[in-house]
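Here is a short report on one model. It covers the annotated sites, the sheet and the ligand shells.

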Amino acid sequence: MQYPINEVFETIQGEGVNTGLPAIFVRLQGCPVGCPWCDTRHTWEQTPENEVPAEQVLQTDGQLGRWAWYDAETLLQAFQQKSFSAKHVVLTGGEPCLFDLVELTNSLNHAGYTTQIETSGTFEVKCSQSTWVTVSPKIGMKGGLNVQSQALARANEIKHPVATQRHIEQLESLLEGVDLTGKVVCLQPISQKPNATALAIKECIAHNWRLSVQTHKYLQID
Ligand SMILES: C[S@@+](CC[C@H](N)C(=O)[O-])C[C@H]1O[C@@H](n2cnc3c(N)ncnc32)[C@H](O)[C@@H]1O
Ligand SMILES: Nc1nc2[nH]cc(C(=O)O)c2c(=O)[nH]1
Ligand code: SF4
Ligand SMILES: [Mg+2]
């Protein structure tokens, strides 16, 4: 199966439970969710005129929204070509769960990589059993999509972006009736805003949730 890829790069996982882990990021192109504060808006549209040769996406994109087709085998070859040393692969986007990721995650696992998916939870999560699934639930966004119960049930980590008290209330009502056994709940301040960070700290302590800050942005790395 082929996937439209926006960028492939090696860095340190900056967010969530795996913060600090060296990782290869594979960013898929395309997302219909429409979060107003999204930090990767260039991944929303997958337009034919922005298709580029495969080698061009083996570096960070920035703002271009370019993409190329890759399958599992060519992606693994690209990791060799770039001499990446990380053994953890993060599939993000865009919205990676627009695609069936079973074949891709299984191939990566068989090649010796651990895998993680960053998803909005608005599509069914299809991946290998061992994949670490981070659902950052997107509630009431302008794309009009709802969080799927399958995605919440499959999540290993629920990492909610927050800026206002309303975001806390939305998360509380989303989590009602969800079995949280074995899952980690994190709050992630939106765009490093001081008020959002203060709110996230206060609510993490009150609920015994974890704080996730986007450490790569403080460090000014990709
Ligand atoms: C760009 S999204 C791509 C994956 C997927 N579409 C999703 O939303 O989870 C990756 C992560 O960045 C988070 N994110 C995006 N923009 C952000 C911002 N301005 N501040 C904090 N977190 C942000 C998302 O909530 C998600 O956890
Ligand atoms: N360093 C780093 N860590 C990240 N964790 C999640 C990211 C994402 O965009 O999904 C991300 C990212 O873009 N960079
Ligand atoms: S779901 Fe993810 S990629 Fe899509 S708009 Fe929201 S933060 Fe951005
Ligand atoms: Mg990011």
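## Annotated binding site

The UniProt annotation "binding site", from an unreviewed entry, covers Ile-12, Gln-13, Gly-14, Arg-27 and Thr-92. UniProt positions follow the numbering used here, feature names are shortened, and annotations may be inferred rather than shown by experiment. This is a predicted model: local features need pLDDT of at least 70, side-chain atom pairs count only at pLDDT 80 or more, and totals for chains, interfaces and linings use all residues. Residues are numbered from 1 along each chain as its sequence is written, while chains are lettered from A and ligands numbered from 1 in the order in which they are written.

Ile-12 lies in strand E1 (residues 3-12). Strands (E, at least two residues) and helices (H or I, at least four) are DSSP runs, numbered from the N terminus. Ile-12 counts as partly exposed, because it has 16 C-beta neighbours inside 10 Å. The cut-offs are 20 or more other C-beta atoms within 10 Å for buried, 12 or fewer for exposed, and partly exposed in between, with C-beta atoms placed from the backbone. Leaving out residues up to four places away in sequence, Ile-12 touches Gly-20, Leu-21, Pro-22, Ala-23, His-216 and Ile-221. Contact means C-beta atoms, placed from the backbone, within 7 Å.

Thr-92 lies in strand E4. Thr-92 is buried, because 22 other C-beta atoms lie within 10 Å. Beyond residues up to four places away in sequence, Thr-92 touches Phe-25, Arg-27 and Glu-118.

## The sheet

The model has an open sheet of 9 strands with mixed pairing, in the order E3-E1-E2-E4-E5-E6-E7-E8-E9. Two strands pair if DSSP finds at least two bridges between them. Strand E3 (68-70) and strand E9 (210-211) stand at the edges; each has a single partner strand, so one side of each has no neighbour in the sheet.

Helix H5 (residues 194-207) packs on the sheet and touches E7, strand E8 (184-189) and E9. The directions of H5 and E8 make about 160°. Axes are lines fitted to C-alpha atoms, for helices over the stretch in contact; angles run from 0 to 180 degrees between N-to-C directions. Strand E4 (residues 88-92) runs parallel to E5, joined by 4 bridges. Val-90 has Gln-116 as its bridge partner in E5.

## Ligand shells

A residue is near a molecule if its C-beta atom, placed from the backbone, lies within 6 Å of it. Ala, Val, Leu, Ile, Met, Phe, Trp, Tyr, Cys and Pro count as nonpolar, Asp, Glu, Lys and Arg as charged, and the others, Gly among them, as polar.

Ligand 1 is surrounded by 18 residues; the closest are Asp-39, Glu-118, Ser-120, Ser-136 and Ser-191. Strand E5 (114-119) and strand E7 (157-162) are the elements that give two or more residues to this shell. By class, the shell around ligand 1 has 5 nonpolar, 9 polar and 4 charged residues.

The shell around ligand 3 includes Cys-31, Cys-35, Cys-38, Ser-120 and Lys-138. Its residues divide into 4 nonpolar, 6 polar and 2 charged.

## Annotated domain

The unreviewed UniProt entry annotates residues 18-222 as "domain: Radical SAM core". The end C-alpha atoms of residues 18-222 lie 16 Å apart, and the span is 27% helix and 19% strand.

Key:
Two residues are in contact if their C-beta atoms, placed from the backbone, lie within 7 Å.
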